[in-house]
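Please look over the structure below before reading the points that come after it. They are written for someone who has not seen it before.

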Amino acid sequence: MVGALGRHIALAGFMGAGKSTVGARVAELTARPFVDLDALIEKRHVTIPELFARGEAEFRRIEEETLAEVLAGPEAVIALGGGAVLSPLNRERLRTRAFTVYLDVGVETAWKRVRGSNRPLARREEDFRRLYESRQAVYVQASDAVAHDVDGVLLGALGIAVLGEILPLHPVVVVADERVLELHEAPFEAAVYSVPSGETAKTLAVVERLWSELTIGRDGTIVAFGGGSTTDLAGFVAATYLRGVRWVAVPTTLTGQVDAAIGGKTGINTSRGKNLAGAFHFPEAVVIDPDVLTTLPEKERRAGMAEVVKTGLLAGREVWSLPEVEMIRACAAYKAGVVLSDPYETEGRRAVLNLGHTFAHALEAGSGYRVPHGEAVALGLLAALRLSGLPTDAVEELLRPEPVAADLDEAWAALKRDKKGEGVFVLLEAAGKPVVTTVPDEDARAALAALIRQ
Ligand SMILES: NC(=O)c1ccc[n+]([C@@H]2O[C@H](COP(=O)([O-])OP(=O)(O)OC[C@H]3O[C@@H](n4cnc5c(N)ncnc54)[C@H](O)[C@@H]3O)[C@@H](O)[C@H]2O)c1
Ligand SMILES: [Zn+2]
């Protein structure tokens with residue numbers, strides 16, 4: 001079971017950690033219902049202080065009963081009461097039905113938030129601090145991840161660690177991009193299988209070689225070390241080798257860190273086109289180390305920035321103005337939220353991630369794949385913003401897209417063939433408000449033509 005896929009997201013933690021506020025926002029971003037356990041109990045019974053007055057045992061019994069009922073319902077985001085994980089029964093139920101995140105903001109912040117609130121356990125700072133200390137171990141033991149904000153919960157829920165340490169998973173093999181191996185040490189001391197640099201690795205021939213050369217058993221883990229091409233390839237090998245083994249992604253490109261390594265889509269190219277053979281197979285963990293990007297060629301960085309700008313427009317946040325590590329973290333968290341809302345792309349919610357990509361794919365096809373993906377995405381974002389009637393300055397300033405040489409008729413034919421269906425595009429109602437909508441053919445064709453050099 002990977003992260004919160006197919007399970008509830010439960011937030012544990014001390015009073016003042018912000019479980020209700022953070023939980024409500026995580027629910028919104030993952031399109032799941034939000035349940036505040038204490039509020040639900042109060043709605044059905046009496047206020048918590050009143051219940052406590054009848055004796056803590058009675059309160060805990062009601063809490064156990066209510067949590068069991070919520071856990072039996074549809075996948076939700078649940079804010080637990082501060083003491084809920086003290087019950088072994090609750091812990092046991094959470095273990096199987098939920099991905100539990102310990103939300104911790106530190107004792108200083110928590111105390112500042114609750115002091116003077118008249119909560120029974122928050123009257124004296126000394127007692128508050130003592131209780132906080134004594135609860136720490138319980139929260140850690142009951143939880144699958146620790147976070148201090150909304151993005152941290154989303155990242156944890158898909159096993160994404162920014163600057164994190166990889167857990168010692170054994171036995172391990174590393175599948176690495178040969179170019180990356182010349183520049184960086186493999187993230188593990190383990191057998192290393194080097195594969196061709198970039199896109200050229202995404203072939204059945206490379207897959208077959210790995211199928212026949214790998215020696216790990218069903219309990220083994222494949223670590224992918226490279227850009228999106230390597231994670232797509234190694235993830236696909238992990239999905240198929242011995243009917244599937246675990247894998248961990250260590251993306252080394254900006255595109256990989258903010259996009260390609262997140263979301264469980266793996267695959268290779270076939271003679272008919274890109275990514276036409278593949279599988280959903282979520283990595284156990286995605287480990288993001290921004291230091292590996294220091295060797296990234298400028299061209300690859302720009303390609304990644306196109307996906308960063310796409311994410312910022314979707315999220316309605318100027319993520320590109322953040323320091324690099326925070327920018328990457330925010331983008332990875334946004335994608336994690338969308339993926340958690342629709343992990344296997346059955347609800348159509350993941351479609352928003354295609355902002356600008358319908359035009360981009362058309363330009364790539366219409367140029368015989370001479371226009372690089374990042375440049376095509378930059379132009380695609382320009383078209384999407386124009387059709388949305390929104391300002392284009394962010395895209396123009398950050399990505400400086402210039403019309404490219406491509407055949408308009410071929411690009412148009414490719415656009416019509418695009419799997420998103422007839423005339424359906426991702427546009428923005430406003431920054432942060434993507435919509436999937438139709439565009440009349442003549443408008444779409446004119447928008448496409450404006451991206452092509454005459
Ligand atoms: N699965 C998904 O959801 C998803 C999403 C987006 C893109 N993708 C796929 O990702 C692929 C593109 O991945 P990408 O843009 O990350 O590039 P890439 O993996 O193709 O690598 C691009 C180049 O950068 C080099 N490189 C990688 N890391 C480096 C580093 N740290 N220093 C120096 N050079 C480095 C590689 O050797 C290669 O030459 C495409 O095949 C695309 O289909 C998949
Ligand atoms: Zn893209």
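The numbered points that follow go from the sheet and its helices to the cores, the metal site and the aromatic pairs.

1. Conventions. This is a predicted model, in which local features need pLDDT of at least 70 and side-chain atom pairs count only at pLDDT 80 or more, while totals for chains, interfaces and linings use all residues. Residues are numbered from 1 along each chain as its sequence is written, chains are lettered from A and ligands numbered from 1 in the order in which they are written, and side-chain values use heavy atoms, with hydrogens and water left out.

2. The sheet. Five strands form an open sheet in the order β2-β3-β1-β4-β5, with parallel pairing. Strands are DSSP runs of E with at least two residues, helices are runs of H or I with at least four, and both are numbered from the N terminus; two strands pair if DSSP finds at least two bridges between them. β2 (34-36) and β5 (145-147) are at the edges with a single partner strand each, so one side of each has no neighbour in the sheet. From one strand to the next the twist averages 25 degrees.

3. One strand pair. Parallel pairing joins β2 to strand β3 (residues 77-79) over 3 bridges. Val-35 has Ile-78 in β3 as its bridge partner.

4. Helices across the sheet. Helix α7 (residues 125-142) lies across β1 (8-12) and β4 (98-103), at about 155 degrees to β4. Helix α8 (residues 150-157) lies across β1, β4 and β5, and runs at about 145 degrees to β4. The axes are lines fitted to C-alpha atoms, for helices over the stretch in contact, and angles run from 0 to 180 degrees between N-to-C directions.

5. Burial of α8. In α8, 8 of the 8 residues are buried, so the helix is largely enclosed by the rest of the structure. Buried means under 20% relative accessible area, exposed means over 50%, and partly exposed is in between (1.4 Å probe, protein chains only). The cover over these residues includes β1, α1 (19-29), β4, β5, β6 (160-162) and α14. Gly-159, which follows α8, has a positive phi near 65 degrees.

6. Cores. The largest nonpolar core has 108 residues, and Val-153 and Leu-158 are among those with the most contacts inside it. Such a core is a set of buried Ala, Val, Leu, Ile, Met, Phe, Trp, Tyr and Cys residues joined through side-chain atoms within 4.5 Å. Helix α14 (residues 324-341) gives the largest share of this core, 11 residues. A second, separate core has 33 residues, including Leu-37 and Tyr-139.

7. Zinc site. Which residues are the protein donors of the zinc ion (ligand 2)? They are Glu-307 (OE), His-357 (NE2) and His-373 (NE2), lying 2.1 Å from the ion. Donors are N, O and S atoms within 2.8 Å of the metal (3.2 Å for Na, K and Ca), and sites may look incomplete because water is not among the atoms. Glu-307 belongs to helix α13 (residues 298-315) and His-357 to helix α15 (residues 357-366), so this pair ties together parts 50 residues apart in sequence. Both Glu-307 and His-357 are buried.

8. Aromatic pairs. The whole structure holds 8 aromatic pairs. Rings of Phe, Tyr and Trp (its six-membered ring) pair if their centres lie within 6.5 Å; planes under 30 degrees apart count as stacked, over 60 as edge-to-face and the rest as tilted. Phe-280 and Tyr-344 have ring centres 5.5 Å apart and planes at 80 degrees, so they are edge-to-face.

Note on methods. Contact = heavy atoms within 4.5 Å.
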